[in-house]
Amino acid sequence: MLEQYLGAAIMLLMALGIAGGMVMMTSLLGPKREFPDKMEPFECGESQLVSPHQRFSVKFYLVAVLFVLFDIEAIFFFPWAILFRRLGMFGFIEMLLFVLILGVGLLYVWKRGGLDWE
Amino acid sequence: MWVDLIIALVKILFIFAITVGFFAPVLTWVERKQSALMQDRIGANRADIMGFTVLGLFHIIADALKMFTKEDFIPDGANKILHTMSPIIALVPALITFAVIPFGGQYTLFDKEVNLVISDLDVGLLFVFAIASLATYGYVIAGWSSNNNWSLLGSMRTASQMISYEVSMGLTIIGILMVYGSMKLTEIGAIQENFWMWGIFLQPFGFIMFLTASIAENKRIPFDAPEAESELVAGYFTEYSGLKFGMFFMAEFIEMVTIGAIMTILFLGAWHIPFLTSATLLSWFDFLGTTGANIVLMLIHVGVFFGKVVFFIWLQMIIRWTLPRFRYDQIMKLGWKIILPLSLANIMITGLVILALK
């Protein structure tokens, strides 16, 4: 069972080696000439006006929460889809109910304006 | 045992050679040449060796040399460790999703069954989604650790866009799984030996929605709000230089290849030629002996597979240079309000049709 993953594991190690090697190479080969003006974060020629580490729009959190909800529900579809032919009519009606509940949830979020970006 | 390990290593090296060694560098050139062609310019043709330009192909070497020798720059106030790690986190998932993607069928070489896939997992398609979504961390950390307003804005947009389209992408693919009844990519590929079983005929809407969602997932134009040059300088990689900057691009180009490969496996008949079964091809090359015929068949299949992948890359390039960038609210609207309900409807209609035909 687990030896199926052996190839992927070897590939992961080699990919880490390639990516790590690239970062090593570029920091070793490049020149190092540092002075204060250059080390400033880029802001189109100005000094940084505000720090980036402050509050940002709550919309991004909302999308993350919706993602967790809907992605977990999407995962339920995978085993059902594989077994669909064996489950037949029973499986279809069960999933129809599930999709209806999911649809009501989506409609609720939609009507509450959770999907709008003004 | 040792033979299996050597075969696995050869396959891995082949995949790395073709993605990192061939597609990633060549696509940087193709992208510029394609834009030049579509905008009626001459395009990349300046780099030369002794006066030879070879259609500007030496630009690849020039780019590589430049990226290696540029200063590796980390701005003040940036988190040095995370800033260095994030290109690795972005590139590694792009490299290893190819582990479960078959680039050919099964062949008998020297009395040994060779399966042209690195890890033939039962949950192949889930593995692709699971690993590909890990790249989101790389992009978010890149923007957050740079201590730059543009980077942070870019990475917030990236996070929202990638996770939104992950939901849609997962749901658009359910229809094709219902039709084939398997998540094993080698099995899905083998079914499509019959031309009329190709996914594009069975799931035309699934095909279009999956193509849209996967381009959005890869953040390419028209969905490139996260990097949007004219708004955010360069988005999450504003503060990156040298090869670290190049690694984000490399990840994007390799993901283009991966998307092309998945589309080929699911929708365009994998490594098969229409109306030509493997058995027919084998009988044509029978005079070469079993191994010889199998080797020829393998070469044909791998060639056909990468030919189809190149077609999908070309399609993505055409889309990239044809459409303008969508507004951010339009992108989110397309993902949540159009593709998501449509893919749910697609699942239900597919179910009805399968039951009716039963």
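Which elements cover the buried residues of H3(B)? In this predicted model, the cover includes helix H1 (6-29) of chain A, together with helix H1 (2-38), helix H4 (124-145) and helix H11 (242-267) of chain B.

**Helix H3 of chain B**

H3(B) is bent by about 25° at B:Ser86, and a proline, B:Pro87, follows within four residues. Both B:Ser86 and B:Pro87 are buried. Other buried residues of H3(B) include B:His83, B:Ile89, B:Ala90, B:Leu91 and B:Val92. Towards the end of the residue range, B:Pro93, B:Ala94, B:Leu95 and B:Ile96 are buried as well.

**Chain B as a whole**

Chain B contains 14 helices and two strands. Its radius of gyration is 22 Å; a compact globule of 358 residues would have a value near 21 Å, so the two agree. Along the principal axes, the C-alpha atoms fill a box of roughly 65 × 55 × 45 Å. Of the contacts in chain B between residues at least 6 apart in sequence, 78% join residues at least 24 apart. The table gathers values for the chain.

| Property of chain B | Value |
|---|---|
| Radius of gyration | 22 Å |
| Box of C-alpha atoms | roughly 65 × 55 × 45 Å |
| Buried residues | 51% of 358 residues |

**Contact between the chains**

Chain A has 55 residues in contact with 65 residues of chain B. On the side of chain A that touches chain B, the elements giving two or more residues are H1 and helix H3 (59-111) of chain A. H3(A) gives the most, with 22 residues. By class, this side of chain A has 41 nonpolar, eight polar and six charged residues. H1 of chain A is also among the elements that cover the buried residues of H3(B).

**B:Met317**

Helix H13 of chain B, residues 289-322, holds B:Met317. Is B:Met317 buried or exposed? B:Met317 counts as buried because it has 20 C-beta neighbours inside 10 Å. Apart from neighbours within four places in sequence, B:Met317 is in contact with B:Val30, B:Glu31 and B:Gln34. B:Thr136 is 181 residues from B:Met317 in sequence, and their C-alpha atoms are 23 Å apart in space.

How values were computed
Residues numbered from 1 in each chain as written. Chains lettered and ligands numbered in written order. Predicted model: local features only at pLDDT ≥ 70, side-chain atom pairs only at ≥ 80, totals over all residues. Rg over C-alpha atoms; globule rule 2.2 N^0.38 Å. Buried ≥ 20, exposed ≤ 12 C-beta atoms within 10 Å, placed from the backbone. Contact = placed C-beta atoms within 7 Å. Bend = angle between axes of the 7 residues up to and from the residue. Nonpolar A, V, L, I, M, F, W, Y, C, P; charged D, E, K, R; others polar.
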